[in-house]
Amino acid sequence: MRILVINNIKDIKIFFTDIDGVWTDGSMYYFEDGNEAKRFNTYDSAGVLLLKTLNIPVVIISSESSNMVKNRAKKLGIKDTMLGVKNKLKVAEKIIQKLNYKMTDVAFIGDDINDLELLKKVGLSACPNNATELIKENVNWVLSKNGGEGVFREFVEKYLTSKKILNETIRIVQKKYYSNA
């Protein structure tokens, strides 16, 4: 397994994330009435909140089309949710171009083949511990958590730790969102 090491991490301006296998454990629950369900881990919402505090947007790019993902994104205030995407790299490039960013300004976390090309191009890439070996060989960070265990939050916290701003960002979040004062 080859893990790329980044010693001097550039400031990331936008975080892209896959959903199934990252925010969920990859399982899909189907019921007899035809409905389906996904299990999300609430720890990931703190990752979104930390980035929101720093004015770093989160963009969901998923191959699946799911109202559950739309609802989760809406609850967390994620404005850009791209669902049913076959070519994640192409969609990401359009967003980056519109914002006048470069690929080096982007972080992305994914776990499987449909994430590979985008993972190879971004400035900072990561995957859950239970991602496929192919993905693990092509990312900067293989994280300790599996998909569905709060791995998006781990990614955000690891990035903020590398920038030496995690503790200060947490203090701001506590004061802004969880203080009575």
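## Helix 1

Helix 1 spans residues 43-53 and is mostly covered, with 8 of its 11 residues buried. This comes from a predicted model. Among the buried residues are Val-48, Leu-49, Leu-50 and Leu-51. Asp-44 and Thr-53 are also buried.

What do these buried residues pack against? Their partners are strand 1 (14-17), strand 4 (58-61), helix 2 (67-76), helix 6 (151-162) and helix 7 (166-178). Just after helix 1, Asn-55 takes a positive phi of about 60°.

## Nonpolar cores

The largest nonpolar core has 32 residues. Phe-15, Trp-23, Ile-78, Ile-109, Phe-152 and Phe-155 touch the most other members. Several elements each supply at least two residues of this core, including helix 1, strand 4 and helix 7. Helix 6 gives the most, with 6 residues.

A second, separate core holds 21 residues. Ile-95, Phe-108, Val-139 and Val-142 belong to this second core.

## Aromatic pairs

The model has 5 aromatic pairs. The ring centres of Phe-15 and Phe-152 lie 6.4 Å apart, with planes at 85°, so this pair is edge-to-face. Phe-15 sits in strand 1 and Phe-152 in helix 6, 137 residues apart. Both Phe-15 and Phe-152 are buried.

Phe-15 also pairs with Phe-155: their centres are 5.3 Å apart and their planes at 65°, so this pair is edge-to-face too. Phe-155 lies in helix 6, 140 residues from Phe-15. Phe-155 is buried, with a relative accessible area of 0%.

## The aromatic cluster

Which residues form one aromatic cluster? They are Phe-15, Trp-23, Trp-141, Phe-152, Phe-155 and Tyr-159. The charged end of Lys-158 sits over the ring of Trp-141, 4.9 Å from the ring's centre.

Note on methods. Residues numbered from 1 in each chain as written. Predicted model: local features only at pLDDT ≥ 70, side-chain atom pairs only at ≥ 80, totals over all residues. Heavy atoms only, no water. Buried < 20%, exposed > 50% of the residue type's maximum accessible area, 1.4 Å probe, protein only. Helix = DSSP H or I, 4+ residues; strand = E, 2+ residues; numbered from the N terminus. Contact = heavy atoms within 4.5 Å. Core = buried A, V, L, I, M, F, W, Y, C linked by side-chain atoms within 4.5 Å. Phe/Tyr/Trp six-rings, centres within 6.5 Å; stacked < 30°, edge-to-face > 60°. Lys NZ or Arg CZ within 6 Å of the ring centre and 35° of its normal.
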